[in-house]
Amino acid sequence: MALLAIPYFVPHHLRRNHRRNQCRCCSSSATNEGSTAVVWFKHDLRVDDHPGLLAASKHSAVIPLYVLDRRILSRYTTDTLELAIIALEDLRKTLKKQGSNLMLRYGNAENVIADLVKEVRAHSVFVEEEVEYHLCDVLDGVKKKLEGFSLSGEPPRIVFWRTPFYESQNLTDLPQSWEEFKKLKLPISLPVPAAKLSSPGSELQWGSVPTLDDLKDYLKESLCEKENSWREMAQASAERVLTERLGNLKESSMEPIVDGSLGKKVDNSAFVTSKRDTVGGGNEAVLNALAGYLRYLEGTSRDDWQEVHARLRDAEIRPGASFFKLFGPVLCLGIVSRRSVHYEAIEYEKERNAGFISPVGYSAATVSAATDAVRSMEWYYLVALNRERIDEKRHVIRIWRWKGYLIQYTVVGNEGPAVLLVHGFGAFLEHYRDNVDNIVNSKNRVWTITVLGFGKSEKPNIIYTELLWAELLRDFMIEVVGEPAHCVGNSIGGYFVALMAFLWPALVKSVVLVNSAGNVVPGYSPLPISRERGVPFGAQLGARLLLFFLQFNVNKLLKDCYPVKPARADDFLVTEMLRASRDPGVIMVLESIFGFDLSLPLNYLLKGFEEKTLVIQGMKDPISDPKKKVALLKEICPAMVIKQVNAGHCPHDEIPEEVNPIICEWIVKATSDDQELKASSSQHICHSNKQN
């Protein structure tokens with residue numbers, strides 16, 4: 001008996017005639033019909049709705065290229081590498097159907113592209129514009145390399161392109177506020193058709209798609225022992241490391257929850273990775289899974305859509321959170337574009353309602369989840385794109401992508417020990433506005449970060465926990481800082497730093513707690529931790545009421561935290577806090593206040609780390625009882641250095657002229673102590689070797 005093959009869902013924009021969006025590249029005169037073009041794929045692993053490929057197709061020959069560059073791939077998790085390999089295989093198949101192919105070459109992008117440009121005598125290289133610092137750095141390297149030689153009397157052109165979500169000629173002059181931006185009511189652009197490519201010739205060496213094991217071995221080749229150990233460190237979740245440290249790990253509780261109906265093999269499954277927890281495959285498979293996701297309320301007899309529905313239920317840890325959990329990785333790899341997702345969701349909504357779109361909301365929660373997610377992603381992309389124009393401070397803002405989310409940070413200084421500054425709840429990296437330069441001038445290198453959910457960093461629809469933020473700091477240390485650092489944290493940022501030192505002490509040289517959150521509990525014995533971290537009952541309502549209260553009282557609340565110098569709670573801080581409070585996703589961040597687990601006290605987290613801990617305590621802190629905390633720390637942790645200052649909750653910003661010297665002197669002392677310890681250990685090892 002023959003099996004009936006169920007075809008993939010055909011996306012709306014492929015089966016309906018509609019006005020096509022024109023491709024707009026970031027360079028004029030971008031085409032040359034008598035020349036060869038290279039299209040460099042990175043995070044745009046698709047043919048459909050690919051403006052760069054469409055513009056390049058006007059050349060007489062097009063060479064699609066993917067560079068296996070360690071600097072790019074080293075930022076990928078094992079799961080992302082697996083997704084990328086599957087997507088590359090599908091991309092090659094799709095291009096071959098058009099008579100083209102996908103070239104894969106190993107090495108640094110600047111060398112690979114320069115060699116290929118010479119080989120095929122390409123006049124143009126099409127590449128998607130980036131906002132992440134390390135990718136921008138790679139692009140700059142390619143640009144400089146190509147400027148070094150010429151074809152027909154001029155250097156090859158790099159044509160930067162982007163996939164515009166909104167129909168706007170100018171995306172670099174936009175309001176800073178999400179509320180003001182929405183008032184523009186910019187129309188959303190439509191996907192462009194797939195490019196028609198001619199055969200580039202068979203004499204070229206196209207390379208093969210690597211296996212996951214081959215790729216992992218390739219990435220390890222250039223890593224030293226420390227880098228390999230740090231990379232392995234990043235593979236384990238904070239939850240697993242915490243349970244191991246507490247000695248109450250239960251293996252069964254650490255496994256992901258999976259719907260029991262998924263044990264059978266599913267034809268046309270979109271869950272193609274080993275974990276089977278996110279959508280994967282090529283563009284066609286992803287759009288088919290999206291169609292199933294959107295139609296969750298309808299029910300279906302199709303096994304592949306039933307599988308999507310089961311995964312949706314598992315991933316819906318809060319309203320709408322399932323969309324990015326399932327589709328976020330493929331969006332970040334560019335297997336499908338954000339505007340294609342939006343278009344398919346809106347077309348389905350019209351299909352449900354006889355062509356009508358209600359002005360008060362969508363009729364399906366899945367449509368809301370999909371459109372809200374891609375619009376939010378696009379907003380934070382635009383914020384990142386415009387970061388230099390709107391930054392009012394002296395330090396250049398950089399972008400780091402963590403788990404698909406855009407994070408802002410700065411780095412200042414060229415010599416000395418590494419120092420990481422972590423802000424408190426509701427703040428952002430600019431809260432250290434008058435600390436960075438002073439610390440740098442004392443011969444240190446300083447990183448500041450705006451953690452996920454705050455400031456101009458992304459605010460996704462997830463459940464925020466102290467473990468999530470600790471993981472973020474861990475990965476920032478590994479991927480960006482690249483060496484152990486003296487970690488400074490204010491308020492809840494201090495607790496994150498202490499938690500990082502507890503879970504991954506190899507990353508932390510010393511800890512500086514500035515009016516840190518967290519209790520001090522004598523004789524503490526840890527209890528088993530709970531795996532379940534959902535949204536507490538009433539948290540959504542509580543978060544909305546809290547947001548309303550904060551927005552109307554931010555000025556007073558901020559000045560209360562600066563009792564000695566209330567003028568330091570200035571318009572800049574108030575304006576930026578209000579701006580961030582209106583960002584998409586801020587409600588989810590505020591919900592975390594009702595679900596924080598700060599039960600592990602500071603004295604427990606820093607046990608064995610006391611001699612490497614400095615406590616700076618503002619004694620007029622209105623949020624806690626500073627006298628009680630200081631007394632307990634002196635009693636329980638006598639090895640800690642404690643500095644009491646006349647300030648409120650944010651001494652580093654209220655009295656930077658007093659706090660900066662304390663931090664700088666501490667770094668000198670901690671660095672000296674560390675060097676003496678290493679020297680002593682080295683002498684001991686040498687002495688032992690002589691005896692043996």
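**Close-up views of helix and strand packing**

Helices α10 and α19 are roughly perpendicular to each other, because their angle falls in the 65 to 115 degree class. This is a predicted model, in which local features need pLDDT of at least 70, side-chain atom pairs count only at pLDDT 80 or more, and totals for chains, interfaces and linings use all residues. Residues are numbered from 1 along each chain as its sequence is written, and side-chain values use heavy atoms, without hydrogens and water.

**View 1. Packing of α10 with α19.** Helix α10 (residues 238–246) packs on helix α19 (residues 466–481) at an angle of about 105°, and their axes are 9 Å apart. Axes are lines fitted to C-alpha atoms, for helices over the stretch in contact, and angles run from 0 to 180 degrees between N-to-C directions. Ala238, Glu239 and Leu242 of α10 meet Leu467, Glu471 and Arg474 of α19 (contact means heavy atoms within 4.5 Å).

**View 2. Crossing of α4 and α8.** The axes of helix α4 (residues 78–97) and helix α8 (residues 212–220) come within 10 Å and cross at roughly 125°. The two helices α4 and α8 are therefore oblique to each other (under 35 degrees is roughly parallel, over 145 roughly antiparallel, 65 to 115 roughly perpendicular, the rest oblique). On the α4 side the contact uses Thr78, Leu81, Glu82 and Ile85, and on the α8 side Leu212, Leu215, Lys216 and Leu219.

**View 3. Pairing of β4 with β5.** Strands β4 (residues 122–128) and β5 (residues 157–161) pair in the parallel sense over five bridges (pairing requires at least two DSSP bridges; helices, H or I, have at least four residues and strands, E, at least two, numbered from the N terminus). Phenylalanine 126 has valine 159 of β5 as its bridge partner.
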